[in-house]
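Open the model in your viewer and keep the selection tool ready. The tour goes stop by stop.

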Amino acid sequence: MDDLTPTESPAAFPPPLDAIRHWKQRELSSTMLMRSLVHYDKWELPITDRSVHAMLASNAPPEPWLYKDGQGRYHLFLFSDVEAYRQYRQSAGNKAVNQHFVTRDGVWVFGLDLSPLEAIHINPLSPDALTLGPDLFDRVNTVASAVEVERALASLRGASARLTGQLQIVRNFPAYHVGLRLTNEGYRFIQAPDTRRRVMAAVFTLNDGYETYMRDFGLQHGDDVVHTLMNGEQLFRHLIESGLDGIVFNCAGPTTPVTFAPAFARLVLDAR
């Protein structure tokens, strides 16, 4: 791949406790809070006794332990570290039981099917407890998928060989955010800034990066720019047809921009 290199440093997402505090103080947006939760890679996840035996016997994926309340609704508990669970046990007294845990990354946890749940409780009974209800499940699933794609793109940018699994993740992502600007030649991708004056398509994995781009460039959706969602198949086919010099993902942050030559689009489409 051509040496089209991003110029910004990696984004630093605060650890969960800091993110929750900043969010409660209205110093952090809801999307950045979810990004921080998803980026965290040391969640302590309670699992069932049955899951412990299955994991040892056949390397099966963990089965989360769920609390069933008096109305028959299920709740998932998550802890940012062992100390958070110890404090929970102290606060809960006899209500808490000995529990098995696995450590899991936030992409895995928040990428689960959350539809059976009534709520996710993060560090329950602590001053920095956070509860996510069903109205937020789709959003946190979307953020988890976006972060997974961002990691795949970063891996592919630094790879010396094709990584089929990462290419498939990029190809199968259902909701890339793009802006299409009306020109005399029809609609064209909005462009990422480039010091070498190359014509680079600006593509975003979440709405936060897209909205930052629009704000930084003083654009509004009425300024001949149409905000469009494309799945991977649509995006990379359009990119091949566009004749541009390259593609920049998340040129306005909040993650490090990742840049590819046009040939990358064909690699993604050929990934099976």
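Start by selecting H121. H121 touches H75, L76, F77, L78, L130 and T131, leaving aside residues up to four places away in sequence; contact means heavy atoms within 4.5 Å. This is a predicted model, where local features need pLDDT of at least 70, side-chain atom pairs count only at pLDDT 80 or more, and totals for chains, interfaces and linings use all residues. Residues are numbered from 1 along each chain as its sequence is written, and side-chain values use heavy atoms, without hydrogens and water.

Stay on H121. H121 sits in strand 5 (residues 117-122); strands are DSSP runs of E, at least two residues, numbered from the N terminus. Its relative accessibility is 17%, so H121 counts as buried (under 20% relative accessible area; exposed is over 50%, partly exposed in between; 1.4 Å probe, protein chains only). Show the side chains of H121 and T131: they make a polar contact at 3.3 Å (a pair of N or O atoms within 3.5 Å, one able to donate a hydrogen and the other to accept it; residues adjacent in sequence count only if both atoms are side-chain atoms).

Next, the rings. The whole structure has 20 aromatic pairs (Phe, Tyr or six-membered Trp ring centres within 6.5 Å; planes under 30 degrees apart are stacked, over 60 edge-to-face, the rest tilted). Select Y67 and F77: this pair is edge-to-face, 6.2 Å centre to centre with 75° between the planes. Y67 is in strand 2 (residues 66-68) and F77 in strand 3 (residues 74-78), so the pair ties together parts ten residues apart in sequence. F77 is buried at 10% relative accessibility, while Y67 is partly exposed at 40%.

How values were computed:
Helices (H or I, at least four residues) and strands (E, at least two) are DSSP runs, numbered from the N terminus.
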